[in-house]
Amino acid sequence: MDMSVIYQFRLLIVRGFLITIELSVLSIITGTILGFLVSLAKTGRFKWLSWVAAVYIEIFRGSPLLMQLFMFYFGLPYLGQVLAPSNPVIASFFLRLSPFSVTISVLTLYSGAYIAEIFRSGFQSIPRGQYEAASALGLHYIRMIQKIILPQMVKIVYPPLVGFYIGLIKDTSLASIIGYQELVKQGQSIINTTSKPFEVYLTIAALYFIICYPLSRLVAKAERRQPA
Amino acid sequence: MFFDWLTPLMHWKEFVNGAFVTLGITLITFISAFGLGILLGVLRLIPRRNIVQNAAYIFATTYVEMIRNTPALVQIYLIYFGLPEFGILLKPLAAGILALVINNSAYIAEMVRAGLRSIPKGQHEAAQAIGLNPVNAFRLVIFPQAIRNIFPALGNQLIMIVFGTALLSIIDVRELTDVALILNSETFRTIEIFVTITVIYYLLTISLSTFLVFLDKKLFPVKV
């Protein structure tokens, strides 16, 4: 076992680490926003909107993330060709998709579906009386959510949400398969040069551990405080 | 160029083979990971009175925390690409199943631990009162109740294993996602093939979920 290759290529590893953190934070933010909106749609008044949200959630929770990544990465250029075979503007947009845009889009859609379910169960765990009291006070929908429901929901939703974030940070490693230069892909470049896969992948695993373990301790502490 | 929905139909045999490989890997992985997970979950709950018990607890805790906080993809790469550095060469299928078993055993260990901790102390005392030794008390009284409590979570983990098998497409295991990639490079009918694969995965998930709900009602008719 020869760990000196890690020190030799430390700058590449640090760059990949930072890109992974950037990708994780971005997809967490966009996924949470989308998930919150979809959960509002699913538990809202309009039946047709709730149906659209349900279909979206079923699609993105019913198939593997890797397959979704492949479908978007290989399928979008194909879709551009089918929909506008002779239009160069549309074709160039679809054919110029970078691994980064595809990864962010798919991770947002994927996490949006799961986060929507987390928020939905949060909404449904707030007692009905709160909603009735809010409408008795004359609050309209957005105020009710903002002032009454959300503050109570945060404590309930926090452990499964952060737990999902940890999974999302680990899932960003799949971006390496479609060629995005995050931590795993940088590691593979190093392996191509040095032929030391075990040392490199062990270091990559350790770096993911450094990010994820504190978060999982946070979740464990929060879950212990709840009298479930 | 229009959509050509005949292409996935013509290759139905590859899809069926891929689905069977996926299901087979899922089953083997779940049974192995379940067994290993029970062992690890129990090891995390034993009293730490002497050095051996302490070492077992520390081993189980380290194993579970390390596996749960690292990506499954890196674990697969470590086993398939990293182990040959030490002379251990595994075929893709064996390496993939080993990686999936190790990964899921950690999550199942946490579920088993939570399930066992949720059993009231009174059950342990009652089992002891009717004269059962610790092993039989665990086997006949405690464990079945724990399984009843965590059965939905175990079912969810089974679905997650189905999605985990998709990762094995990278190391050349002929499961469903790999079939999609191969057919895509043969026929270039990307959207048709991937929509078909999505539908197949969705059908697999729905039928597994329905079967698990039925099994739950059959095995555990009374819930506490």
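Predicted model: local features only at pLDDT ≥ 70, side-chain atom pairs only at ≥ 80, totals over all residues.
Two residues are said to be in contact when their C-beta atoms, placed from the backbone, lie within 7 Å. Leaving out residues up to four places away in sequence, A:F70 touches B:T177, B:A180, B:L181 and B:F194. These partners carry the letter of the other chain, so a look at each chain on its own comes next.

Chain A is built from 10 helices and has zero strands. Read along the sequence, its pattern is accordingly α-α-α-α-α-α-α-α-α-α. The C-alpha trace of chain A spans about 70 × 55 × 25 Å along its principal axes. Of its 228 residues, 37% count as buried. When contacts in chain A between residues at least 6 apart in sequence are taken, 74% of them join residues at least 24 apart.

Among the 224 residues of chain B, 36% count as buried. Of the contacts in chain B with a separation of 6 or more, 72% are accounted for by residues 24 or more positions apart.

Where the chains meet, the contact takes 32 residues from chain B and 30 residues from chain A. On the side of chain B that touches chain A, the helices α3 (51-68), α4 (72-82), α8 (176-187) and α9 (190-219) of chain B each supply at least two residues. The largest share of this side comes from α9(B), with eight residues. By class, the side of chain B that touches chain A divides into 21 nonpolar, eight polar and three charged residues.

The largest nonpolar core holds 102 residues. Which of its residues touch the most other members? They are A:L66, A:L69, A:F70, A:I204, B:V74 and B:A180.

Two pairs of helices show how the packing works inside each chain. In chain A, helix α4 (residues 65-83) and helix α6 (residues 99-125) pack at an angle of about 135°, with their axes 10 Å apart. Because of this angle, α4(A) is oblique to α6(A). The crossing of α4(A) past α6(A) is right-handed. From α4(A), the residues A:L65, A:Q68, A:L69, A:F72 and A:Y73 meet A:V102, A:S105, A:V106 and A:Y110 of α6(A). This contact of α4(A) with α6(A) comprises seven nonpolar, two polar and no charged residues.

In chain B, helix α2 (residues 12-43) and helix α7 (residues 134-164) pack at an angle of about 130°, and their axes are 9 Å apart. That angle makes α2(B) oblique to α7(B), and the crossing of the two helices is right-handed. On the α2(B) side the contact is made by B:T22, B:T26, B:T29 and B:F30, and on the α7(B) side by B:L158, B:I161 and B:V162. Sorted by class, the contact of α2(B) with α7(B) has four nonpolar, three polar and no charged residues.

A:Q130 is found in helix α7 (residues 128-136) of chain A. Is A:Q130 buried or exposed? It counts as exposed, because it has 12 C-beta neighbours inside 10 Å, and a residue with 12 or fewer falls in that class. Apart from neighbours within four places in sequence, A:Q130 is in contact with A:I148, A:I149 and A:Q152. The C-alpha atoms of A:Q130 and A:V14, which are 116 residues apart along the chain, are separated by 48 Å.

A:L218 lies in helix α10 (residues 197-225) of chain A. With 15 C-beta neighbours inside 10 Å, A:L218 counts as partly exposed.

Methods:
Residues numbered from 1 in each chain as written. Chains lettered and ligands numbered in written order. Core = buried A, V, L, I, M, F, W, Y, C linked by C-beta atoms within 7 Å. Buried ≥ 20, exposed ≤ 12 C-beta atoms within 10 Å, placed from the backbone. Helix = DSSP H or I, 4+ residues; strand = E, 2+ residues; numbered from the N terminus. Nonpolar A, V, L, I, M, F, W, Y, C, P; charged D, E, K, R; others polar. Axes fitted to C-alpha atoms, helices over the stretch in contact; angles between N-to-C directions. Parallel < 35°, antiparallel > 145°, perpendicular 65-115°, else oblique. Left-handed = near helix turned anticlockwise from the far one by under 90°.
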